[in-house]
Protein chains: 2
Amino acid sequence: SESFREISPADFFYRNRDLAGFNNPTRSMYSAIRELVENSLDACELYRIPPKIYVRLSYEENYEKRNVYRLKVADNGSGIPPEYIPSAFGQILYGSKYKLRQVRGTFGLGGKMAILYGQITTHSSAYIISSVGNNKIYEFEIRIDIQKNRPEILKKKFRSNRRKWHGTVVEFSLEGDYPKAMPKVLEYLRQTAMVNPYADITFVDPRGRLYMFEGVTKKMPKPPSEIEPHPYGCDVEIFMRMIDDSRSKSLQDFMTTHFHRVGKKTAKRFLKHVGISGRKNPKKLTPNEIVQLVQSMKPESFKYFLPPDANCLSPLSNELLEMGLQKDLNPEFVATEQRNPSAYSGYPFIVEIGIAYGGNTPNSPGITLYRFANKIPLLYDEASDVSRKVINNEINWNYYKVTQGTPVAVVVHICSTKVPYKTVGKEFIADRPEIEREIKNGINNVARRLSRYLSKKISIAYQKQR
Amino acid sequence: SESFREISPADFFYRNRDLAGFNNPTRSMYSAIRELVENSLDACELYRIPPKIYVRLSYEENYEKRNVYRLKVADNGSGIPPEYIPSAFGQILYGSKYKLRQVRGTFGLGGKMAILYGQITTHSSAYIISSVGNNKIYEFEIRIDIQKNRPEILKKKFRSNRRKWHGTVVEFSLEGDYPKAMPKVLEYLRQTAMVNPYADITFVDPRGRLYMFEGVTKKMPKPPSEIEPHPYGCDVEIFMRMIDDSRSKSLQDFMTTHFHRVGKKTAKRFLKHVGISGRKNPKKLTPNEIVQLVQSMKPESFKYFLPPDANCLSPLSNELLEMGLQKDLNPEFVATEQRNPSAYSGYPFIVEIGIAYGGNTPNSPGITLYRFANKIPLLYDEASDVSRKVINNEINWNYYKVTQGTPVAVVVHICSTKVPYKTVGKEFIADRPEIEREIKNGINNVARRLSRYLSKKISIAYQKQR
Ligand SMILES: Nc1ncnc2c1ncn2[C@@H]1O[C@H](COP(=O)(O)OP(=O)(O)OP(=O)(O)O)[C@@H](O)[C@H]1O
Ligand SMILES: Nc1ncnc2c1ncn2[C@@H]1O[C@H](COP(=O)(O)OP(=O)(O)OP(=O)(O)O)[C@@H](O)[C@H]1O
Ligand SMILES: [Mg+2]
Ligand SMILES: [Mg+2]
C-alpha cells in the first residue's frame with residue numbers, strides 16, 4: 001500500500017524552491033540579494049531609521065571554479081533580539097511581519113530561503129551578527145535542519161557594543177552566476193534606490209567594483225501602521241479567532257473593537273440587518289449565527305461599512321515618482337497620478353502611476369513598464385503581471401497618439417496591507433478586478449495628459465514647417 | 001519591539017490561499033472540484049483500477065441565498081487505511097506522493113485546501129468514507145485545526161463491507177458561484193475524460209443535470225514507477241540524506257545504489273574524475289569531499305551520466321492524442337508527435353504535441369491552445385505558460401501558411417516525475433529551457449506537416465479554379 005508521510009515547511013520549500021524564485025544559479029543569486037535587502041529596508045523603515053545598506057558579493061576563496069560566491073548584507077536597522085535570531089534565520093514560516101500592515105516581507109521565509117539555498121549548494125553555514133543598540137552585539141553561526149524546520153546553532157557569542165551600534169549583518173556562501181545575474185542585480189538595486197530616496201545603498205561586486213546609490217533626502221515617510229481586519233475580508237476562521245481572543249461581553253462591542261472602521265452606529269445598523277441582538281455574548285453565538293454574521297459581511301449583503309482607511313499606507317507620492325522618472329530617463333514629458341485609496345476584499349491599497357516620454361526613454365517596441373509593489377521593484381515575469389495585461393489589452397494607445405515607435409515608459413506602484421502576489425517569489429501581481437480598474441483608470445489619465453503634450457508638439461512642428 | 005511568531009503550514013496556506021487557487025468563490029469552486037478529481041484519478045491509476053468517479057454539486061439546503069453548495073466526490077480507487085485518513089484530509093503537507101514518480105498530486109495539500117476553503121466559508125465539517133476493500137468501511141467527520149495544522153476528529157465509525165467495496169467518498173459544503181464556474185468546471189471534466197479515456201466520470205450539477213463522460217476503453221496504461229534521484233539533480237541536502245539512509249560501505253556501491261542509472265563503470269569513471277577513492281566509506285566523507293562530489297554532479301562537470309530513463313513515465317500516446325482531437329474538434333487535419341524523452345535538472349520528461357485544423361476547430365484570433373501536465377488539464381493563466389510563450393514568440397506561423405484567420409488548435413502535454421509548476425495552484429508551467437526546446441521542436445514538426453496539407457489543399461483549390 002502507499003506510504004504516508006508528512007514533510008516540514010522547510011522540506012516543502014526546499015523541494016519546491018523554484019516557487020520561491022530559487023530555480024537556477026542566476027535567478028537564485030538575484031533572489032538571495034533581494035530577500036536580504038528587503039529585510040534590511042523593512043528593519044530600517046519600521047523604526048524610521050534612514051537606511052544604510054551595504055551589499056558585498058565576492059568570489060569564495062576555496063573554489064577554483066568561479067561559481068561559488070560569498071554574500072554579505074549589512075544594515076543599520078532595528079537589529080534582532082538574540083532570543084529570536086536563530087528562528088528568524090533558521091525556521092521557515094517564522095517572522096515579525098504576520099500583521100495587517102504595509103511592509104515588504106509577508107510570508108516569513110524569504111531570508112531563510114536564501115540561507116537554505118546557500119547551504120544546499122555549498123554545504124556551509126550562515127553567520128548572523130546583530131544588535132538592537134543596547135550594550136551587546138550577538139554573533140551566531142547557524143544551519144537549517146531542513147527536515148525538522150529548525151535552526152542548528154553551531155556557534156553563539158557576544159561582545160560589548162561600546163558605540164551602541166544597531167543593525168544586522170547576514171553572511172553566507174552560495175552557488176551563483178554573477179555574469180548572468182549582474183544586469184538584474186544592478187537594475188534591482190538601482191530601482192530600489194529610486195523609490196527609496198532616503199536610503200544609501202552600497203554594492204561591491206565580485207570584481208571589486210563599487211556601486212553607490214546615495215540617498216537624496218534624509219526625510220523618512222511616517223512608518224506604515226497596522227490596522228484591524230475589515231468586515232469585507234472576514235471569513236469564519238478569522239471570526240472564530242477574534243472570538244477566542246476577545247474580551248468583549250457584547251456583540252455590539254465586539255464589532256466595534258475588532259473590526260477596522262466599524263463605529264457604534266455602523267455596528268448597530270449591521271446587527272439589525274443580520275437580526276442578532278447587539279447584547280449577545282460573542283462567545284455564546286451558535287454556529288448558525290456565526291455563519292449568518294460572516295455571510296453578511298460582504299459588500300453585496302451590507303454596503304454600509306466604511307471603506308478601509310488608507311492612512312495606514314505609505315505610498316511613494318507624485319513628487320517622488322516624478323523625481324525618479326526624471327533622474328532615470330531624463331524625459332521630455334512626465335505625468336504622474338496617485339489614485340484615491342481603494343480596497344479589494346477589505347484590504348486597502350493605493351495605485352500610483354507615472355508616464356514618461358522621450359529623452360532617454362527606451363524605444364523598445366511596445367511600452368516599457370516598471371513595476372513596484374510596497375516599494376519593491378518587480379523585475380521578473382512581467383508578461384503575467386496585471387499591469388502588463390492592462391497596458392497590452394485595455395488601453396487604446398493610438399487614441400493617445402502613442403504608436404509602435406513612440407518612446408514611452410509607464411511606472412506602476414501598488415502599496416497595500418496585502419499585495420496579491422501570485423507566487424511565493426513575489427514577482428507578479430494577480431489581476432484583482434479592483435486593482436486592475438485603478439491601474440487602467442490611472443494609466444488612461446496620465447496617457448491623456450501625454451497626448452495633450454504630443455498634440456501640442458505635433459502642431460508646433462507643423463507650424464514650424466509652414 | 002517587533003513581535004515574532006511562527007505560523008503553521010495550514011495557517012500559511014489559509015492566509016495565502018490565493019497562491020493555491022482559492023481566491024474567489026468561482027475559482028475556489030473549480031479548484032475544489034479539480035483537486036478532489038485528481039486525487040481520485042491518482043488513487044485509481046496507481047492500482048490500475050479503471051476509474052469510476054462521481055461528482056455531485058448541489059445547493060446546500062439551509063441557505064436561501066444560493067451561494068452555498070454541497071460537493072461530493074466518490075471513486076472506486078485504492079481507498080485509504082483508517083489510520084491515515086484524518087491526516088490525509090486534515091494536515092497540510094501530508095500525503096503519499098512525496099516520491100519521484102509521475103502522478104498528479106505533488107504538494108500534499110490539494111484536498112486539504114478544498115476542505116479548508118469549505119470550512120472557512122460555511123463553518124461546517126468534512127465527511128470522508130473510505131475502504132481499502134477489506135471487511136470494514138470507515139466514516140470520519142473531520143475539521144482542520146488551522147493554527148495547529150492537524151485534524152480534529154468529530155466522529156469516527158465503521159461498518160462491515162460485505163461487498164468488499166474499495167474507494168473513497170469526500171463530501172463537504174462550500175461557498176461558490178456555479179453559474180460563473182460552470183463553463184470551466186465542465187471544460188475541466190470534459191478535457192479530463194479526453195486524456196483519461198479509460199475513466200468514467202459522472203457529474204450532477206446543482207440544477208440536477210447529469211453529464212456522463214464515459215470511458216471508451218478498459219485498457220489501463222501501466223502505472224508510472226518510482227525512480228531514484230539522478231546525479232544531475234543532486235544537491236548537498238539530498239546527498240546528506242542518502243548518506244544517512246545508506247547501508248553502503250563504499251562510495252562505489254553508494255553511487256550505484258542510490259542514483260538513477262549509475263552503473264559500476266559510470267560510478268568508477270565519475271569517482272576517478274572527482275579524485276576520491278571508490279572504497280571510501282560514504283559516512284566518513286569530509287564536508288569538502290561532499291561539496292566536491294555534489295559540484296561535479298553537473299552536466300558541465302561530468303557529461304557521462306546516462307540520461308534519466310523515461311520508462312518510469314506514462315505518456316498519453318499519439319493514438320490517444322489524435323483520438324481526443326478527432327472526438328473534440330472533428331478536424332480536417334490532425335498531426336501528433338511524441339518527442340523523445342528528455343530531462344531537466346535530472347528529472348525525466350516527455351512532451352507530446354498535437355495540432356488540428358478546420359472542422360470545429362475554434363476560429364479565434366491566434367492559435368487555440370490546450371495544455372495538459374501529467375494528464376491534468378490546465379485551464380487558467382495561459383498567458384504565463386511556457387507553451388503560450390513558445391506559440392506566440394518562437395514559431396514562425398506564416399511560414400507554415402497559418403495566418404490570423406486559420407482555425408488551428410495546438411495541444412501540449414508534458415509528463416514528468418516533477419512538473420515545474422510556477423504556482424501551488426498548478427495552473428501554468430515554468431519555461432525551463434529543456435522543456436521550452438522540446439515544445440518548440442515538437443510544434444515546428446507538426447506545423448510542418450500541417451503546412452504540407454495546407455499547400456496541397458491550396459493547390460487543389462487552385463487546380464479546380466482553372
Ligand atoms: N536585516 C534584518 N533586520 C531586522 N530583522 C530582520 C532582518 N532580516 C530578517 N529579520 C527578521 O527575520 C524575520 C524573517 O525574515 P524572512 O525574510 O525570512 O521573512 P519575512 O521578511 O517576515 O517575510 P518574507 O518571506 O515575505 O520575506 C523578519 O520578519 C524579521 O523580523
Ligand atoms: N480519493 C482518494 N483516494 C485515495 N487516497 C486519497 C484520495 N484523496 C486523497 N488521498 C490521499 O491523501 C493524500 C493527500 O491528498 P492531497 O490532495 O492533500 O495531497 P496530494 O494529492 O498528495 O498532493 P497535491 O497537493 O499536489 O494534490 C494523498 O497523497 C493520498 O494519499
Ligand atoms: Mg523577508
Ligand atoms: Mg491531491
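Me: In this predicted model, a polar contact is a pair of N or O atoms within 3.5 Å. Which residue has an N or O atom in its side chain 2.9 Å from a nitrogen atom of ligand 2?

Reply: The cut-off for such a pair is 3.5 Å. A nitrogen atom of ligand 2 lies 2.9 Å from a side-chain N or O atom, which meets that limit, and the residue that supplies this atom is B:Asp75.

Me: Which residue has a backbone N or O atom 2.8 Å from an oxygen atom of ligand 2?

Reply: An oxygen atom of ligand 2 is 2.9 Å from a polar atom in the side chain of B:Lys97. For the backbone atom at 2.8 Å from an oxygen atom of ligand 2, the residue is B:Gly111.

Me: What percentage of the area that ligand 2 exposes when taken alone does the protein bury?

Reply: Taken alone, ligand 2 exposes 590 Å². Of that area, the part buried by the protein is 96%.

Me: Which element gives the largest share of the shell around ligand 2?

Reply: In chain B, the elements that give two or more residues to this shell are α2 (25–45), α3 (85–90), β4 (94–95) and α4 (110–122). The largest share is 4 residues, and the element that supplies them is α2(B).

Me: Residues from which chains surround ligand 2?

Reply: There are 24 residues around ligand 2, and B:Ser96, B:Thr106, B:Leu109, B:Gly110 and B:Lys426 are the closest. The site is shared between chains, because the residues that surround ligand 2 come from chains A and B.

Me: How many charged residues are in the shell around ligand 2?

Reply: By class, this shell has 8 nonpolar and 11 polar residues. The number of charged residues in the shell around ligand 2 is 5.

Me: Is B:Lys426 buried or exposed?

Reply: B:Lys426 is found in the loop between β16 (408–416) and α12 (433–465) of chain B. Its phi is near 50°, a positive value in a residue other than glycine. Most residues other than glycine have a negative phi. The relative accessible area of B:Lys426 is 4%, and buried means under 20%, so B:Lys426 is buried.

Me: What is the relative accessibility of A:Leu93?

Reply: A:Leu93 belongs to the loop between α3 and β4 of chain A. Its phi, near 70°, is positive in a residue other than glycine. A:Leu93 counts as buried because its relative accessibility is 1%.

Me: Which residue has a polar backbone atom 2.8 Å from an oxygen atom of ligand 1?

Reply: Ligand 1 lies between chains A and B. An oxygen atom of ligand 1 is 2.9 Å from a side-chain N or O atom of A:Lys97, and an oxygen atom of ligand 1 is also 2.9 Å from a polar backbone atom of A:Phe107. For the polar backbone atom at 2.8 Å from an oxygen atom of ligand 1, the residue is A:Gly111.

Note on methods: Residues numbered from 1 in each chain as written. Chains lettered and ligands numbered in written order. Predicted model: local features only at pLDDT ≥ 70, side-chain atom pairs only at ≥ 80, totals over all residues. Heavy atoms only, no water. Near = heavy atom within 4 Å. Polar contact = N/O pair within 3.5 Å; in protein donor to acceptor, adjacent residues only side chain to side chain. Buried < 20%, exposed > 50% of the residue type's maximum accessible area, 1.4 Å probe, protein only. Areas by Shrake-Rupley, 256 points an atom, 1.4 Å probe, with all protein chains shown as cover. Nonpolar A, V, L, I, M, F, W, Y, C, P; charged D, E, K, R; others polar.
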